Amino acid sequence: MHRELYGREAVLDPHGLAARLVGLEPYGRGRVPFEHGEDPPVTVFTGGRGMGKTVLLKEVRNHYRGLTPLALLDCSAVEEPADHGAGWSPVTGALGELAVQLGRRADAVRAVPFPRLSLGLVAVTSVGWTREDDERARRDLLRLGPLLATVDAGRAAAASWVGNVLAKLAGTVAEAGAPFAGVVAEATVETVADEFFHRFRQAPEEWFGGYRNAGGRGRAGLQQLAVDFAQGGPRREEAEAFLVLTLTEDLLRAYTGLRRGSRVGRPLVLLDNAHEPVGRALVEPILRARADGRRDRTVVLAGSRLHDHEALRHATRLRLPETAHRAPCPRTGRVGSGLLAVELTPLTPTQTRAALDRHDASDLAPAALARAVHRLTGGRPLGVDLLARAAGEAPPAVRRGLTPAGLLDLTVELREDSAPVPVAPALLAALLPVPRPGPYAVLAAAHDEESARRLAQARLAAESLDGDVALRVRDRLRAEHWADHPRHFVGDPLLRALLLHRLRFEDGDHPGYSAWRAVHETLRRHYGPQPGPYRLHHDLALGDTAEAVAHLRLTFPGPDVLGWLGLLRFVAAAPYPRERGRTGPDPRRAVALGREADPALPDGLDPDSAELHLALRRLLHAVWLLTDPLALPDEEVADRLAHELRRLSGRHLTGSGPLWDAAGHWPRDIRAWRELSLPPGREDGV
């Protein structure tokens with residue numbers, strides 16, 4: 001099904017990157033000049049989870065399916081056959097799957113045969129067979145049926161060839177000193193070649209004369225290929241690399257010698273999760289062969305979560321919008337120069353707005369919701385798409401009062417044939433696919449490794465049977481390429497918000513929120529009895545603001561006004577202890593605007609101190625609300641924030657300048673959806 005891919009037009013437009021590599025407009029509307037001639041780069045789309053790599057590759061498939069030979073493979077999900085023999089590996093399994101997909105006939109695509117790859121996989125599949133185990137050989141041979149069907153579908157369907165191979169195998173006698181794997185491979189290949197490849201003018205096995213030690217003799221090359229595969233280690237890798245080139249050789253031969261116009265568009269291989277070992281094993285032989293001057297005409301588009309992988313260190317790097325009209329990839333003497341690494345960029349606020357508008361055609365949602373969704377997700381396409389769909393599926397009455405927090409509480413229909421699922425758990429599972437997200441949710445409240453380890457010792461003791469839980473979680477987050485952050489153990493704002501949402505709501509203890517309270521109380525104790533920034537931060541997470549306001553009042557006259565503003569910003573960054581399903585205005589709004597009924601004051605304050613206390617209480621709640629990624633912006637509260645800061649600048653004896661600057665710049669930061677700058681107004685001050 002076609003999906004709207006906002007911000008990905010650079011790849012999918014009629015003269016976008018895919019069209020210029022394949023030589024064909026999407027849906028076959030017309031031809032496009034090849035940008036890179038006979039030497040197309042291997043193009044790798046890079047980006048973390050949720051950046052749209054998988055969806056983009058699937059949309060390329062949808063745009064070109066039935067127009068040119070095409071295959072899409074997830075390199076992290078190559079299925080291992082049940083009870084397979086010694087001749088199967090993830091690479092040979094991937095090659096067989098790619099060939100079967102590429103070989104399919106369609107209305108506008110002639111079927112592509114894979115005789116060379118068939119012989120190569122027959123040779124390595126025979127590794128480990130014995131004359132005493134016919135059943136093992138039979139099962140492995142039948143698994144090759146779909147691949148052999150690209151050569152002769154009728155013969156493969158009949159399957160009588162299996163009996164002939166087994167009969168040949170039974171009569172095989174190994175010469176003294178000859179590797180048995182090679183002898184079995186020769187007997188198997190000879191029978192399969194006789195059965196399937198009689199219609200080819202040149203015997204496909206001649207290609208294997210170029211394998212090591214073959215001396216131009218194809219059967220010798222196939223024997224050596226089987227021996228090397230059986231040996232394992234570097235020799236197996238060498239055999240697998242040759243099989244990868246065998247796949248591209250069969251594709252090249254399918255384009256050679258045909259009459260002009262009989263094939264339009266280059267074959268297209270799409271590799272998702274190509275950073276996995278299987279992906280590297282498929283891509284690197286092609287890169288090396290191309291660096292040596294081989295031209296195979298195969299277009300390879302891959303997705304990788306690793307932007308800075310060592311394999312990409314010599315690649316040409318471009319950001320996605322830069323590839324819309326031209327994507328230069330100059331070749332040097334380095335193998336990696338044949339790589340074009342295209343960084344998938346986040347959606348812009350305008351594109352996020354377009355996604356919300358598409359799903360909320362009646363325009364019932366609050367006007368600021370799109371920008372709030374963009375702030376929460378950082379423009380991550382998966383998050384934008386899921387939240388936009390949830391907004392569009394919400395009842396009209398609910399839609400009018402939606403906030404980002406409210407969106408996380410909704411359900412969304414991911415598939416037409418299944419029931420709607422809760423938004424927050426679905427999005428979390430997509431961004432962090434771990435068996436048990438509970439420990440991650442607990443540690444999302446921590447600030448650094450020290451506090452995370454303390455929290456793990458107190459709250460996750462049952463999880464620590466095989467090592468330090470906090471360090472295991474840290475390593476998994478890094479392995480998933482979630483960026484570090486100087487003030488948060490879980491660095492990404494969206495991932496942290498989802499984990500904290502789970503911590504508060506997914507333990508089934510509403511309205512007590514015992515897990516939430518236990519975690520933040522543990523951290524509060526960890527930071528000691530003194531009212532420091534971290535302790536006050538967790539006070540707010542527990543819904544207690546009294547000590548924070550008192551500390552702000554007592555430290556306000558000090559000379560370090562920038563430090564005081566930093567304290568305010570950090571404390572007010574605490575997650576808000578939200579109630580699920582609460583409707584109406586955010587409770588912080590009334591406090592920020594001074595509209596709460598009879599606010600409580602500490603005992604013993606003189607009138608001037610009481611006035612300062614109330615002003616700082618309003619200011620704290622204003623910053624807390626306006627910087628909350630799960631809340632909507634509020635113009636009236638932003639104006640009140642500026643007003644309070646200006647008044648405070650007049651009260652301070654020595655530091656009026658920074659307070660005055662904050663009164664001008666912090667509301668601008670909020671309206672521009674930026675973190676509050678410190679010093680106020682400094683672009684690098686966050």
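A salt bridge here is a side-chain nitrogen of Lys or Arg within 4 Å of a carboxyl oxygen of Asp or Glu. Asp 409 lies in the loop between α18 (404-408) and β7 (411-412), and Arg 580 in the loop between α27 (561-571) and α28 (587-592), so the pair ties together parts that are 171 residues apart in sequence. Asp 409 is partly exposed at 24% relative accessibility, and Arg 580 is partly exposed too, at 36%. Buried means under 20% relative accessible area, exposed over 50%, and partly exposed in between, with a 1.4 Å probe and protein chains only.

Before going on, please keep in mind that this is a predicted model, where local features need pLDDT of at least 70 and side-chain atom pairs count only at pLDDT 80 or more, while totals for chains, interfaces and linings use all residues. Residues are numbered from 1 along each chain as its sequence is written, and side-chain values use heavy atoms, leaving out hydrogens and water.

Now back to the loop between α27 and α28. Glu 579 forms a salt bridge with Arg 504, with the closest N and O atoms 3.9 Å apart. This pair links distant parts of the chain, as Arg 504 sits in helix α23 (residues 493-505), 75 residues from Glu 579. Glu 579 is partly exposed at 34%, whereas Arg 504 is buried at 6%. Asp 586 and Arg 588 also meet, at 2.8 Å from N to O; Asp 586 is partly exposed at 23%, while Arg 588 is buried at 2%. Elsewhere, salt bridges with shared partners join Glu 249, Arg 253, Arg 290, Arg 294 and Asp 296 into one network. The structure holds 52 salt bridges.

Helix packing comes next. Helices α21 (residues 449-459) and α22 (residues 469-479) pack at about 125°, their axes 8 Å apart. That makes α21 oblique to α22; angles under 35 degrees count as roughly parallel, over 145 as roughly antiparallel, 65 to 115 as roughly perpendicular and the rest as oblique. The contact residues divide into five nonpolar, no polar and four charged.

Finally, the whole protein. Its secondary structure comes to 31 helices and eight strands, taken as DSSP runs: H or I of at least four residues for helices, E of at least two for strands. Of its 686 residues, 53% are buried.

Definitions and conventions
Axes fitted to C-alpha atoms, helices over the stretch in contact; angles between N-to-C directions. Nonpolar A, V, L, I, M, F, W, Y, C, P; charged D, E, K, R; others polar.
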